[in-house]
Amino acid sequence: MKIEKIRYNKLKVTVSVEDMLMWGVSADAVVRNAPAAQNLFWEMLRIAENETGFAVDNSRLLVEAIPGDNDDVVLFVTRVDSAPEMPKQQSRKLRVKNSRKLTLPTSVCLRFNNFEDLIALSHNHPDFCGGTLYSLQNAYFLVVPDKSSALYSEYCSEIASMLSLLLVEEHGHTIFSDRALEQIRENFHM
């Protein structure tokens, strides 16, 4: 684990694959804020306080998780301190600048532990024909429109996080870039 104090209120922490294995957490668990990942997070903050003097002291924290190199996860932890009072005119300008709408992802990443489940899905539901299929670390990941994810859930082993989607798109091997289920149905028989 590499901890860097970027500013008085901001840390950059690189959590390696080895760190995650040692703590028994996956990159998904870190992004989903699973209990094991929370233990890792609080231990990381304790280490950061000892090494850099970065103390959280009941402050609000903003945590950003970004996939790093070699399947590492980079966490940016910002301590949100109380903002000083601002004149009304400045405050109004800030609101205008920050009024952008948040764009939510339109795709979801489904993890399959074996290819046979994908074959079964494609044959049992011939009306499902979209998606992009990747392989990564002995698993298959089907990226489909978010609105249809519930229809696939009985076949997949888990609905993966957005971090997984980014990791799969960057590090995974593309098997079918479009019409994945239709191509599986055409090329693999039950």
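# Charges and rings: worked exercises

Arg 46 and Glu 43 are three residues apart in helix 3 (residues 35-52), so about one helical turn separates them. Helices here are DSSP runs of H or I with at least four residues, strands are E runs with at least two, and both are numbered from the N terminus.

Before you dig in: this is a predicted model, so local features need pLDDT of at least 70 and side-chain atom pairs count only at pLDDT 80 or more, while totals for chains, interfaces and linings use all residues. Residues are numbered from 1 along each chain as its sequence is written, and side-chain values use heavy atoms, with hydrogens and water left out.

**Exercise 1. Work out how many salt bridges the structure holds, and which residues form them.**

Step 1: A salt bridge needs a side-chain nitrogen of Lys or Arg within 4 Å of a carboxyl oxygen of Asp or Glu. In general, side chains of opposite charge can pair when their charged atoms come close.

Step 2: list them with their closest N and O atoms.
- Arg 46 with Glu 43, 2.3 Å apart.
- Glu 182 with Arg 179, 3.4 Å apart.
- Lys 2 with Glu 4, 3.9 Å apart.

**Exercise 2. Find the aromatic pairs in the whole structure and describe their geometry.**

Step 1: A pair of aromatic rings is described by the distance of the centres and the angle of the planes. Rings of Phe, Tyr and Trp (its six-membered ring) pair if their centres lie within 6.5 Å; planes under 30 degrees apart are stacked, over 60 edge-to-face, and the rest tilted.

Step 2: count. The search gives three aromatic pairs.

Step 3: take Phe 41 and Trp 42. Their ring centres are 5.3 Å apart with the planes at 75°, so this pair is edge-to-face. Phe 41 is buried at 15%, whereas Trp 42 is partly exposed at 49%.

Step 4: move to Phe 115 and Phe 188. This pair is edge-to-face as well, 4.9 Å centre to centre and 70° between the planes. It links distant parts of the chain, with Phe 115 in helix 5 (residues 115-124) and Phe 188 in the segment after helix 8 (180-187), 73 residues apart. Phe 115 is buried at 14%, while Phe 188 is partly exposed at 32%.

Step 5: Ring pairs tie Phe 115, Tyr 140 and Phe 188 into a cluster.

**Exercise 3. Which ring has the charged end of Arg 79 over it?**

Step 1: apply the test, which asks for NZ of Lys or CZ of Arg within 6 Å of the ring centre and within 35 degrees of the ring normal.

Step 2: The ring belongs to Phe 54, and the charged end of Arg 79 is 4.9 Å from its centre.

Conventions
Buried means under 20% relative accessible area, exposed over 50%, partly exposed in between (1.4 Å probe, protein chains only).
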